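Let's take a walk through this structure together. Have a look at it below, and then we will go through it step by step.

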Amino acid sequence: MSRDDIVITGLGSMSVFGAGVAALWRGLHTGRPAAPPAGFDVDRYRVRGVYEVPSAAVANLPDDDYAVRLSVAAADEALAQAGLPDRQAALSGAGLAFASTSAGWHHPAEAFGATAPTTELMPLLRKEWPAVAIAARNRLTGPFAVLSSACASSTGALAWAVERIRSGDAPVMLVGAVDVLTEVVFAGFHAMRLLTGERTRPFSLGRNGFVLAEGAAFLVLESARHARYREGRPLATVLGWGASADRAHLTTPAAHGVARSVRAALADARCGADAIRLCYAHGTASPAGDAAEAAALAEVFGPGRPLVTAIKAATGHTEGAAGMFSLVAAVHGMGLGQVPPVLYADDQDAALGDLRLASAATSPAPAAPVLVHASGFGGVNSSVVLDVPAALATGASAGGDAADPANTQPRVLLMTNSDDRTWRAEATGAAGAYGSAEVPDPAWPRNPPPDAQCRMLGEAVRTALACLDPDTRRLARDGALLSGTEFGAQAHHARMYADLAVAGPRAIEPLDFALSTFNLPATMAALALDIGGQVETFLGATGGVEALASACHLVATGRADAALAVGHDAPENRCWQRPEEKPVPARATVFAVGQRGAGVRVAGVRRLAPAGTLPELTTLRVAVEELAGADASVWCDAVGLGAQETAAVSRWPRWTVVCSEAGAAAPLDVHASVVERVARGEPAEAVVVSTGWLAPTVIIRYRR
Amino acid sequence: MSNSAMYERVCTIVLRHNPAGPQPARQVAREDTLVDLGVDSLELLSLGASLERDFDIDIDDATLASATSVGDLVAIVEAALERAER
C-alpha cells in the first residue's frame, strides 16, 4: 500500500446546531445566539452566554450519560455514512482514537471528590468512558487510545489513528472527540479572560475571546484498500500530519511553534506550501493567539497564501473537540466544493497582515488540499493535511498498489543505552537526585510556577536527557515528549471547584486553570527543557506505556530520530478511588528511544481494546503468541484484570503476573525492570503486557 | 473608603503579585509600571481577580488588559467603586 492511502469515509456531528453534519454545515453559515447554560448559574460571572447542544436534539437520544449520548450520536452517524454497521466494523478489527478534555467533569461533585461516587458512577467520571462505551457498543477490538492534549487533542487523535493504519495495526479507525460544558472549565476560561458571551470573532480587530461551547464529532478513517474492497466511498484523503511544542510560553502561542507544526504536516504530506488552497485555522479570537497563527501562516505560505476560514465564529470553542469539528467541516465542505465563511469578520484586523478570510461571497474554488490546524494550552500545536480522494482528483480508478510487507510488520529499533548507563531515569518526589552538569536544571517559567508534579516530571526528563549522548539529546528534544497520565493535574480543578462553592467565580485563581490541563505537566517540562517536538498526552493506567509504544513508532518510521516517553502521576490528583485501587506513587518514569546505542530493541507492539469489556483472555493470549510465539517469557501487569482472570493468567506457562500501583508511572516501571533483564540477557527476549481499568492493553516485545 | 486607603490597598495587592515572591515593603508610586513590579500579562489576570475580590467590584477584560501602571489600576478601582455607589 502506498503510504498516503488513508481515506475518510464517514463523518458525524452532534453540535451546538443539533444532530448531524448537515445541521453543522448550515450552522457554520448562520451562527447562533449565545445563551446562559442550563446546567449552572452564571449570574455572578461577567460573561453569561455559551453554546450548548440544543436540548431538543439531546432528548431524541437514547438515555445514557450525557457525554456518551453526544458521542454515540456522532459516532453512529459517521459509521452509518461509511456504510459500516457495527458488526462490520467489529469484523474488520477496527480501533478507536478519542479525545476529550472535560468528559466526566459534568459530574463535578463526585469527579472532584466533594461527594463519594457510587460504584456505578465511577467509570462515568473518567474522560476515557465515552470511548470505552463506544468501543464496547461497536465491538471495536483494535488499537485504542484516549488523548488529552488540551485544545490540540483532536488533531493529535487523528494523527495517532493515521499511524495505526499506516503501520497495518488496523484497517479502520473510528476517530472522535467530545467535550461538555462544565462550570469549572467555564470559570477557568473566565478567570483567564479568554471568554466572550456574545460573538467569537476570529482575526477581527474587535476580537475579544470565544464563546465556550460543547459537542461531539467523529470520523471514520480507513485504508484506501479496505474502503475499496468493501465499496466504501472515500470523502477525503489524509495526506499527513505534524506537531510541535512552542518552546516559548505556556499560555501565549508562538508563531514559530505553529509554523513548525504546519511545516511538519506539509513534509509528511509531501505537499509544497504553495499547493495548499485552504486553511481551517484554530482561530479562537484571542488577541495574542490569532496574531501568532496569522504570523505563522504568513511565514509558511508567504504571498499568495491560501484562503483561511475559522469555524469557531459559528461553533464557539469546543475545547478538545474543536479540531475534530474543523476536520469534519473540512471534509464535508470539500465534498460540496464549498468553504464556510468566517462569521462576524467585517472588521478584519489589518495588523494581522493580508490574511485572505473566507466570506459568504467567496467563490467556490477548488479548495484542496486543505490544512487543518489546532493549538492548545501549554504551547502545543497539531496540524493535518487533507485532500480530495485520489480517484476523484485524477478520474482514474485506483488499484494495483502492492502490499509492502515492511509496512505491516513492526519495525525494529534500538533503545538508547549510552555508555552502558541505564536509559531509564526515575525521579520520586521533587528531589533532584541525579545532578548532571551536562543538562542544566529545568528553566522553569517564572509564571505560572511549576507545581510539584511538573517539577517531578521535569526532573525525571532532565535525568533522562543527561543519560544521552549530546547528539541523541538534541534529536530527542526535536523529536517528541510523549506522556501518559491516569489522574492528570486534577488537584487544580478540585481546588477551583471548592473555591467556586465557597466564594464564587472571583475566587478562581487564573493560574490554577493555566496549570490544570492533563497535558500541562508534559508541556511545562518541554518548555523548561527546551523540547520542541510533539508533546502529547495519553490517558489511563497504560498511558505511559502507550507513550513508549508511540515514541518507538515515531523513531521506527523516521518521524523522529529520538524521542522521550514518560508515565507520571501524583496522589494529590486522584480525587476519588475505587475500593480495589492501590496507592498512587508520586513518580515519573522516563524512557528515551533512539536509533543508536547498543540497548534493547523493541521488536513489536500490539494494542487491544480495554480489558473488561470484551472476552479478554483468549484475545490476549493469541495476541502475545502472534507477536512473540508460544515460548516467549511474558510479564503481565494484571492491574486491569479481575481476580479470576489474574488467577487464570498466572497458571499459563512462562507467564509471570505482577500488579503495579495506580497511576501511569508504575506500569512503565514494569517495562523498565523487564528491559533491564533483557539487557542482561536474562532472558534475551521478553514480552510485557500492560492492562488497566478502562485502559487499552498494550503489549510490547523486547529483544536484546 | 478614603482615596488614600484605597490607594494603599491597591499597592499592597500589587506587591503581593510579584511572582518572585513576597517583596520587601517598598514605596510604590502611581507612575510605577506593572512590568517593573514583576507583574506580567499572566500575573495581571491574577492581580485583577484579587482586586475584584478585595474591593467587591467587576473589572471588564479590555479595561484590565489596558492597565500598565499602578495609577491605571487605581483609576480602574476608583471608577468601579463609583459605579457601585451609584
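How many salt bridges are there between chain A and chain B? The count is 6. Please keep in mind that this is a predicted model. To picture one of these links, find Glu52(B): this residue forms a salt bridge with Arg46(A), and the closest N and O atoms are 3.2 Å apart.

Now let's step back to the contact as a whole. Chain A brings 16 residues to it, and chain B brings 19 residues. The area buried between chain A and chain B is about 1,600 Å², and carbon and sulfur atoms give 46% of that. On the side of chain A, look for Arg193(A), Arg446(A) and Arg506(A): they supply 49% of the area that chain A buries against chain B, more than any other three residues.

Finally, let's turn to the cysteines. A search of the whole structure, over all chains, finds 0 disulfides. Cys151(A), for example, is in no disulfide, and the nearest cysteine sulfur, in Cys279(A), is 17 Å away. Cys151(A) counts as buried because its relative accessibility is 11%, which is under the 20% cut-off.

Technical notes. Residues numbered from 1 in each chain as written. Chains lettered and ligands numbered in written order. Predicted model: local features only at pLDDT ≥ 70, side-chain atom pairs only at ≥ 80, totals over all residues. Heavy atoms only, no water. Contact = heavy atoms within 4.5 Å. Buried area = accessible area lost by both parts, 1.4 Å probe. Salt bridge = Lys/Arg side-chain N within 4 Å of Asp/Glu carboxyl O. Disulfide = S-S within 2.5 Å. Buried < 20%, exposed > 50% of the residue type's maximum accessible area, 1.4 Å probe, protein only.
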